[in-house]
Amino acid sequence: MLKGRTVIVGVCGGIAAYKAAELVRLFRRAAAEVHVIMTASATEFIAPLTFQTLTGNPVHVELFNLIQEREIGHISLADRADLFVVAPATANLIGKVANGIADDLLTTTIMATRAPVLLAPAMNVNMYENPIYQSNQQCLLDHGYQVMEPVVGELACGWEGAGKLPDPADIFDEAVRLLAPKDMRGLRVLVTAGPTREEIDPVRYISNHSSGKMGYAIARAAAWRGADVTLVSGPTCLPAPRGVRRIDVVSAEQMHREVLALADRADLVFKAAAVADYRPVSRAQAKLKKGRDCLERIDLEANPDILADLGKNKGRMVLVGFAAETDDLEKNAAAKLAAKGADLIVANDVSRGDIGFDADQNEVRLFFADGRNECLEKMDKAELADRLLDCAVDLFRAGGDAGTSQ
Ligand code: CTP
């Protein structure tokens with residue numbers, strides 16, 4: 001989404017200025033071209049050299065720096081921006097922009113740009129709640145600027161309340177959402193992610209190594225692209241992606257119940273969860289004690305196959321399943337495609353440490369119900385999520401066309 005796009009990051013003078021370095025790093029990791037503009041007071045909190053090193057570009061501070069004006073003037077900086085993000089945005093900056101004051105490079109460039117502008121405020125809670133600040137913020141919202149809510153918590157000044165800079169990952173998410181094409185608006189997407197846990201007793205369970213990263217990446221990307229997204233998640237350490245409705249479950253039976261109840265109103269379903277195939281026949285009420293040389297057996301019974309149940313009566317819905325394999329990938333994936341009634345199976349080799357469970361990258365092979373199959377090169381799960389969404393949207397639209405022509 002950000003590859004090759006130009007992002008200008010404005011940094012104001014506040015204690016949270018150091019967090020802008022992490023934000024810049026996230027933009028760079030997403031292959032964006034980043035230019036940083038600092039206010040003079042921001043340079044009191046963090047050195048321009050930090051941003052210069054992270055971006056590989058000179059950092060802009062003064063309005064009339066003759067050398068920088070010759071090489072890249074402030075208007076051309078404003079023009080070449082695909083997106084403008086200010087983090088942290090102080091009450092002073094927001095007040096100035098709301099009142100048309102452009103007395104330094106940052107305010108001048110914000111006024112001159114036609115790119116979307118996202119402001120992430122950070123300040124003392126009393127400043128944030130001050131009606132003058134609030135009316136300035138409202139003025140910016142009325143003029144189409146995007147202003148994030150500050151986070152509530154313990155502030156650097158010692159007060160508790162709203163005023164903390166949102167997490168850089170959340171600012172990054174919001175920025176990508178602003179730039180993403182809204183080509184999935186109107187589509188309802190249901191995603192499952194993570195492992196399930198099947199309890200043996202109150203302290204032990206059977207589970208697997210799934211981290212949930214693939215399913216979360218799909219849910220996040222679909223929300224960025226404007227879809228209405230519900231994520232049914234087994235236990236993971238991942239935060240719910242912004243703009244996604246998350247339903248937490250623990251066991252395969254709970255996931256089965258939730259997914260079947262939601263499936264009726266889904267256009268695209270991604271079954272990325274690693275569902276446990278078996279569960280203990282009974283869960284011990286009290287912790288099983290040791291004291292015997294061996295525990296002879298734990299009786300297991302089969303869990304419902306959620307994907308196969310969805311495949312039995314799926315109507316126009318596009319059903320995407322996943323196949324985690326350690327051997328015979330092609331044969332196993334093709335068998336799952338047929339057995340589960342899916343439109344597409346995304347198969348990957350989970351015996352490789354560099355892809356699959358808990359990795360940030362994946363390399364998959366796609367098996368389509370119409371007999372096509374395709375290898376995708378190794379890529380970040382975020383990029384793969386977009387590719388999988390593209391495939392599912394194409395199948396959904398092709399299904400609709402076929403339906404209309406009949
Ligand atoms: N799946 C499911 N319900 C189950 C088991 C699996 O919905 N009880 C789904 C998974 O979410 C995935 C697909 O089926 O989309 C394949 O899961 P996988 O674990 O690869 O295979 P299994 O069907 O469990 O078969 P096996 O363990 O024999 O490989």
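Let's start with the shell around the ligand, by residue class. It has 8 nonpolar residues, 1 polar residue and 5 charged ones. Keep in mind that this is a predicted model.

How many residues surround the ligand? The count is 14. The closest are K271, A273, D277, F322 and K340.

Now the polar pairs. Take K271. A polar atom of its backbone is 2.7 Å from an oxygen atom of the ligand. F322 also uses its backbone: an N or O atom there lies 2.9 Å from a ligand oxygen. With K340 we turn to a side chain. An N or O atom in that side chain is 2.5 Å from an oxygen atom of the ligand.

What about cover? On its own, the ligand has 560 Å² of accessible area. The protein covers 78% of that.

Where does the ligand sit? In the second largest pocket. Which elements give two or more residues to the shell? Three names here: helix α13, residues 306-312; strand β16, residues 318-325; and helix α14, residues 329-340. β16 gives the most, with 4 residues.

Next stop, R365. Look in strand β19, residues 364-368. What does the R365 side chain pair with? It makes a polar contact with the side chain of N373, at 3.2 Å. Now set aside the sequence neighbours of R365 within four places. The contacts of R365 are then L329, E330, I345, V346, A347, N373, E374 and C375.

Last topic, the backbone. Most residues other than glycine have a negative phi, and most peptide bonds are trans. Two places here are worth a look against that background.

One is A31. Phi of A31 is near 70°, a positive value in a residue that is not glycine. Where is A31? In the loop between α1, residues 19-29, and β2, residues 33-38.

The other is the peptide bond from A87 to P88. Cis or trans? That bond is cis, with omega near -5°. P88 itself is found in a strand, β3, which runs over residues 83-89.

Note on methods. Residues numbered from 1 in each chain as written. Predicted model: local features only at pLDDT ≥ 70, side-chain atom pairs only at ≥ 80, totals over all residues. Heavy atoms only, no water. Near = heavy atom within 4 Å. Polar contact = N/O pair within 3.5 Å; in protein donor to acceptor, adjacent residues only side chain to side chain. Areas by Shrake-Rupley, 256 points an atom, 1.4 Å probe, with all protein chains shown as cover. 1 Å grid on protein atoms, 1.4 Å probe; cavity = no way out; pocket = protein on both sides within 12 Å on 5 of 7 lines; lining within 4 Å. Sits in = over half its atoms within 2 Å of the grid points. Nonpolar A, V, L, I, M, F, W, Y, C, P; charged D, E, K, R; others polar. Contact = heavy atoms within 4.5 Å.
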